[in-house]
Amino acid sequence: MATPLRVCAVSFLNAWPLYQVLLEQPPVGDDGQPLFELQEALPAECARMLADGECDVALVPVASYLEHPEWEVVPEVAIAARGAVQTVVVVSELPLAEVTTIHCDAASRSSLLLLRTLLATEGLHPTLVPAPHGTGVDRVHGREAALVIGDAAFDLPARFPHRIDLGAQWLRLTGMPMVFAFWAARPGCLQEVHIRALHQARDRGLKQAEALARRYREGRLAAGLPAADENFYANYLRRTIRYRLDAWEREGLVEYIARSHEAGLHSAGEVHVRFAAREHEGVATSRRAPRLGSAIDVDRLLERAAGGGRLELHEGIVLYEQASTLALGDAADRRRQALHPEGIVTYIIDRNVNYTNVCTARCQFCNFYVPPTRKDHEGYVHSKEVLAQKFRETEELGGVQILLQGGLNPELGLHWYEDLFRWTKRNFRLKLHALSPTEIIHIAHLEDMSVREVLLRLRDAGMDSLPGGGAEILHDEIRNRISPFKNTTDEWLEVMRQAHAIGMRSTCTMVFGFQETAEHTLVHLDRLRRVQDEALARKSGGKGGGMFTAFIVWPFQAEGTRLKLRDDTSAWRYLRLQALARLYLDNIPNLQVSWPTLGPEIGEVALRFGANDFGSVMIEENVVSQAGAHFMLSAADIEHHVRQAGFVPRRRNMQYELLEVA
Amino acid sequence: MTATDSARLSTIRAKVHEGEPLTLEDGVFLYRYPDLLAVGSLANELRERINGDRTYFNINFHINPTNVCEADCQFCSFARLQPGMPQAYTMSLDEIRHKLVERQGQPVTEIHIVSGLHGGVPWSWYTDQLRVLKQVRPDIHLKAFTAVEIHFFAQHYGKSYEEVLRELMDAGLDSMPGGGAEIFAERVRRKICRDKASADQWLQVHRTAHRLGLRSNCTMLFGTVETLEERVDHMLRLRALQDETGGFQTFIPLAFHPDGNRLGKLPRPTGIDSLRTYAVGRLMLHNIPHIKAYWIMIGLDTAQIAQSFGVDDLDGTVQEEKIYHMAGADTPQAMTRSGLIRLIREAGRTAVERDTLYNLRWQDDGGPLPGIRSLEASMPYSRRDQRVELSVL
């Protein structure tokens, strides 16, 4: 008979969804015996007990893990926050820069390390004094502040004029989520059954967020503590705290370890997080270039970026918010010139073919789709006859490629695409720049296959490269609002990662105008840059040439869509974003202007704001033209506008190789 | 771009800083200098020195009382030469009055009145246009008749410029628009507008108007057959008159629209050429206070960007405009006040509603705009909260 594992969980509300179910319905093994024996403690105490062998599994602060790399981590579970966390805050009467002492709650090591990392970045050096859990707040006075963690932060009196949320601050600095804690175990004791039980406990716990919130509130009232309404706590559990260790959280974890190491706060340089019992890529600390001091000077940032120096996320935000448009454009123009000194602006002749308009995603911003349930005749799937006609016309116009994208049509399986691609390759000389990540994910779900398998099969059938559509804003806060039924940011990026890993090239995009903030925008750029870093590392390691070839940004076309937003785009913002992207995406070689949405006049000007490619002639386009973009240009028109901007126009293919025109 | 070019730009920059007038060669150099943004930021410096971060607009509407015209300009899609030809029209005084009556209650402060050169009507038809409008609203500002029309009236009705202007002023004329200047170079006028007032006549009309106390604007039509030298020469002639009279308020470069006229084979205006012309215009015409982008012609997008290239005026919320729309301008005919303010605000400028003489009527204080949702209000609670906190550290 197996002995139950001794589990130590944190008693804070934010841990409840992870372990309350274990108390209520203790999971049992195949032999009917309980899997776990549970007790509660403060975070730092959980770590001590695990280190001293007083328990087998514990919810530990990430900082404690750095001292115990032998521990195994339960995959896919964490306590994390993407931005403001509410329960890790520094409060004071004076601005932080004037604070001399911070009383730090001794209950969590992670928060303390986070605070020290943030202070080191800001160049601030107050004395940090340990305080027993829950006592720091009473010592806040004048130049003395307190780091308050856990549920105590809910009761913070409104008397503190300064309150800094460390989760929000971390996002501001790095653009990444903060992982505060995860389940760790003594090596070798966790089996698959335990991991499954912990996952199930988390999933069930989250489903009961409202019940947990109610119970928590009642408990507080019973103890004579002030309590907010139930929704407040439920919102905290459902939205503020994130319980999955997704790709972005893992990236945030790496960043946290690396930054605190750079700041000299621990000696664990290269950390490989070891996940228990599952094949899981360990995450390692990445090396990064040294940073600037804390004083941020817009001109110096622009100078550095124009010279090819890497911008950090918070620096990108500063430029987004503060740099003048002409200064941004000038820096981007210099960067473009350094990357493309020949004075050439390229364009491609291809045709945008939307093979079906039937789509299950129901995105609010789309005017093009027809849901599969609609019983009228508006839905279409192009026949081979129709496609052959379009493809032939494309070849006759000197086109070299088909940009093939469509809706998420549940009728079209992998075989349909494989057949279509093979038929295309047999009958035409056209390259297939086909299927955005969203469509790849759709096919993978439909066929119950992995993304990688789908990509391999499609590549074998003739797919040459992937367009970067469906990205919109790569930040789930925005995606949840505008396209809740579509893939998440992590999923989108994972398709690109997999495509690059098998040697395929792709483009990447951004659509702005969904009322996103500077943070949303910069996080989008940052995540693309990271995926490209991985691709380039793979490439220089001789593992294939898959990568992003180009980035394209355009404004959301609101006209007639169901999204109840007034159009908040403009040419002004477009030029700023494009210039910022040229500077921030230091590893993506090409930037395309998006003249179909803005018109060729702004397209021309955009060539002086960092772009080096005029995109494609427009033989056919159905999606944005359904929402109010109506520009058409021939190759001769494009060349006229390119010359106006002072460049030599040249045709290219998707690999950005120049083509000789007969 | 050579080192000599950069040195030349530095010399020009020094002149701009000193308030020294630029030469013809300087202007052509600025037109040809490859770094568009460097020229733009120099123009922007001067713009900010003269007008701060203000971008002006006014609420006006246009009346084009007739399109019958004795001139036969190659670039015009509006003139229809003879009465009775298809699409030719001449409004009655009642129709003209009705244009204002139907706007009763709207916050319009100015009417912009421009016509063809129609000699088949009595002189009183022109003066009475002004009278009937003033009868409806005595406080409305009438900005009417280009120098070309004034010159035509003088010739056709046998009066001097001064007599024409005085009679119009008696009838209610408050100021003059700047149209009809096209390009002053004789070579170009012969090709595109040989029937029209000459450069000297155009300038003499404005000189006279300024002497009589009228303010006026001036324009330049670019993108037909002129050279860059001829554009800069045009600016210099305007600058010389301004040195003499000080009566010009605003310089308005007008991009040529090719559709529907006999110069249709010429390429459409381009974004870069427009921006550069604003910038060079700002720098050459340091003695004219305002540079206007006529958004109805170049589009809101380019007009918004132009605010960084010397432009400080985005025209009004034009309610009805026929001339450019007959030549293929595809901009929305009326722009709402909120929409215009949003574009100005987003470009980091302060929107100022002015009257015709640039008196301040309203200044943007950053408050909510009717019909425009603020970004912050649409963010989820936690985000807004967080942004407040972020500003603390």
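Me: In which sense do strand β7 and β8 of chain A pair?
Reply: In this predicted model, strand β7 of chain A covers residues 101-105, and β8 of chain A covers residues 127-131. A:Thr101 stands opposite A:Thr127, which belongs to β8(A). The two strands are joined over five bridges, and the sense of their pairing is parallel.

Me: Which strands of the open sheet in chain A stand at the edges?
Reply: The open sheet of chain A is made of five strands with mixed pairing, in the order β8-β7-β9-β6-β10. A strand at the edge has a single partner strand, so one of its sides is left without a neighbour in the sheet. In chain A this holds for β8 (127-131) and β10 (162-165).

Me: What is the average twist from one strand to the next in that sheet?
Reply: The strands concerned are the five of chain A that follow the order β8-β7-β9-β6-β10. Going from one strand to the next, the twist averages 25 degrees.

Me: Is A:Glu76 buried, partly exposed or exposed?
Reply: A:Glu76 sits in the loop between β4 (72-73) and β5 (79-81) of chain A, and its phi is near 65 degrees, a positive value in a residue other than glycine. A residue would need 20 or more other C-beta atoms within 10 Å to be buried, and 12 or fewer to be exposed. A:Glu76 has 19 such atoms within 10 Å, and is therefore partly exposed.

Me: Where in chain B does B:Tyr358 lie?
Reply: B:Tyr358, a residue other than glycine, has a positive phi near 65 degrees. With 17 other C-beta atoms within 10 Å, B:Tyr358 is partly exposed. Its place is in the loop between β10 (350-354) and β11 (360-363) of chain B.

Me: Which element gives the most to the side of chain A that touches chain B?
Reply: Across the interface, 38 residues of chain A are in contact with 32 residues of chain B. Elements of chain A that each supply at least two residues to this side include β10, α5, α20 (571-584) and α12 (325-339). The residues of this side divide into 13 nonpolar, 13 polar and twelve charged. With five residues, the element that gives the most is α12(A).

How values were computed: Residues numbered from 1 in each chain as written. Chains lettered and ligands numbered in written order. Predicted model: local features only at pLDDT ≥ 70, side-chain atom pairs only at ≥ 80, totals over all residues. Pairing = 2+ DSSP bridges. Helix = DSSP H or I, 4+ residues; strand = E, 2+ residues; numbered from the N terminus. Axes fitted to C-alpha atoms, helices over the stretch in contact; angles between N-to-C directions. Contact = placed C-beta atoms within 7 Å. Nonpolar A, V, L, I, M, F, W, Y, C, P; charged D, E, K, R; others polar.
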